[in-house]
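The following note was prepared for a colleague who will examine the model alongside the text. Its points treat strand pairing, helix packing and confidence in turn.

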Amino acid sequence: MRRSFKFLLRPTSKQAAALAHCLEDHRQLYNAALEHRRIAYRKAGVTVRYGDQSADLKHIRADDPGGQARWSFSSQQATLRRLDKAFAMFFARVKAGRTPGFPRFKGRGWYDTVEWPKDGDGCRWDSQPHHPVTIYVRLQGIGHVRVHQHRRVLGNIKTISVKHEASRWFVVLSCDDVPAEALPATGAMAGIDMGVASLATTSDGDHLEHKRHFAASAGLLAAAQRGLARKKRGSNRRRKTVARVAALHAKVRRQRLDAAHKAAKALVAGYDLIVHEALKVTNMTKRAAPKPDGNGGYLPNGAAAKSGLNRSILDAGWGVFLTILSHKAESAGRELIAVNPANTSRTCAECGHCARENRVTQAEFRCQQCGYEAHADVNAAINILRAGLALRRVARAA
Ligand SMILES: [Zn+2]
């Protein structure tokens with residue numbers, strides 16, 4: 001199992017300055033490599049590949065002994081590979097018939113990570129193993145930097161990255177072969193329905209992570225963005241508003257991540273088996289097409305409920321949550337099943353009657369046949385659990 005560990009770095013002021021130079025030089029390398037690809041393509045229709053750019057590194061380093069040559073060759077290669085990946089994703093989207101944005105230049109403050117692809121190559125974890133109390137990481141061109149290691153590192157370290165976040169420096173270790181830390185069995189199973197009012201609702205009726213605080217941040221964000229439109233380009237006040245928008249975005253991201261971790265942790269602690277909807281997140285939050293009702297008006301299509309909250313928060317929220325949940329479930333030895341969500345929200349969990357009319361409102365479910373009443377998300381979660389158990393029976397019989 002692969003897993004990452006993130007620790008705060010405690011650089012000296014000299015090391016902090018070197019870290020800033022290191023990050024800035026990698027950013028400039030990224031932008032220069034991007035410029036190279038653009039020009040070659042525009043002027044000569046030539047596609048520059050990673051191999052070409054990696055071969056150029058030798059010259060770049062030779063020409064800049066006090067600058068680029070200070071840093072690890074391998075971390076520079078990782079930077080070029082990162083750009084290569086951005087291009088690969090861009091072309092994949094073009095091929096899929098979408099119209100993605102061309103890979104962008106990274107402005108100051110929009111490039112926050114340097115990766116060393118292999119421990120021992122331009123970097124060394126635990127570089128002073130005989131030090132009695134402190135753990136250090138050695139980074140080429142920067143030195144032995146103190147690490148605030150608040151937990152044990154498990155598995156084998158594959159890559160080491162340095163990340164600049166909210167004016168602090170972190171080291172991120174990506175490890176392979178991390179042993180699972182199995183949790184004791186609880187004998188309980190749950191289906192979860194992912195919704196709008198709360199991130200997830202369990203078949204036991206628990207609502208995980210209400211979105212109220214997101215809504216508050218989203219409101220502030222929207223207001224700040226509106227303010228941005230009124231400010232003059234290049235003005236000081238505009239710059240301040242841009243910074244505020246970025247800070248709010250970061251805050252929403254942190255809140256979302258934190259809430260997703262908490263919700264996933266609670267689920268994994270409580271249940272041996274968790275069944276969730278197989279979501280195509282992008283499809284689910286796509287604005288639903290209006291359906292004419294035949295009288296010149298439109299039938300409800302669920303679009304209002306989904307555009308009520310900041311859509312970007314929803315979009316990313318479910319994907320992030322499922323990723324975290326699957327990591328935690330694997331690590332704890334829990335079983336996770338994804339099921340097709342078709343009809344789970346309109347089928348009665350009591351009698352099986354399936355009708356659109358069963359769903360009275362966003363929150364209310366009332367079966368038109370047997371009269372069963374429940375919170376609509378709880379009803380759906382029960383159906384999801386049942387679908388998961390059926391899938392498992394089929395898989396085991398096969
Ligand atoms: Zn019923």
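**Note on the predicted model**

1. β6 and β7 run antiparallel and are joined by nine bridges. Within the pair, His164 stands opposite Trp169 of β7. The hairpin of β6 and β7 has two residues between the strands, and Ala166 there takes a positive phi near 50 degrees.

2. On the pairing of β6 with β2, the two strands are again antiparallel, β6 spanning residues 156-165, and four bridges connect them. Two of the facing positions can be named: Glu115 lies opposite Ser161 of β6, and Val114 has Val162 of β6 as its bridge partner.

3. What is the order of the strands in the sheet? Seven strands make up an open sheet, arranged β2-β6-β7-β1-β5-β4-β3, with antiparallel pairing. The edges are formed by β2 and by β3 (123-125), each of which pairs on one side only. From one strand to the next, the twist averages 30 degrees.

4. The crossing of the two helices is right-handed. From α1, the residues His26, Leu29, Tyr30, Ala33, Leu34 and Arg37 meet Ser75, Gln76, Thr79, Leu80, Arg82, Leu83 and Phe87 of α3. By class, this contact comprises seven nonpolar, four polar and two charged residues.

5. A further packing involves helix α2 (residues 50-63) and helix α3 (residues 73-95), whose axes come within 10 Å and cross at roughly 150 degrees. Why are α2 and α3 described as roughly antiparallel? The crossing is at roughly 150 degrees, and angles over 145 degrees count as roughly antiparallel; the two helices are therefore assigned to that class. α2 passes α3 in a right-handed crossing. On the α2 side the contact is made by Tyr50, Gln53, Ser54 and Leu57, and on the α3 side by Phe73, Gln76, Gln77, Leu80, Arg81 and Asp84. These residues divide into four nonpolar, four polar and two charged. Gln76 and Leu80 of α3 are listed in this contact and also in the contact with α1.

6. The chain averages a pLDDT of 87, and 89% of the residues score at least 70. The highest confidence is in strand β2 (residues 113-116), at 98, and the lowest is in helix α7 (residues 303-307), at a mean of 41.

7. Two stretches call for separate mention. The pLDDT is below 50 over residues 281-293, a stretch with 21 contacts in the model beyond near neighbours in sequence. It is likewise below 50 over residues 295-313, where the corresponding contacts number 30. Where pLDDT is low, predicted coordinates should not be read in detail.

How values were computed
Residues numbered from 1 in each chain as written. Predicted model: local features only at pLDDT ≥ 70, side-chain atom pairs only at ≥ 80, totals over all residues. Axes fitted to C-alpha atoms, helices over the stretch in contact; angles between N-to-C directions. Parallel < 35°, antiparallel > 145°, perpendicular 65-115°, else oblique. Left-handed = near helix turned anticlockwise from the far one by under 90°. Contact = placed C-beta atoms within 7 Å. Nonpolar A, V, L, I, M, F, W, Y, C, P; charged D, E, K, R; others polar. pLDDT = per-residue confidence, 0-100. Pairing = 2+ DSSP bridges.
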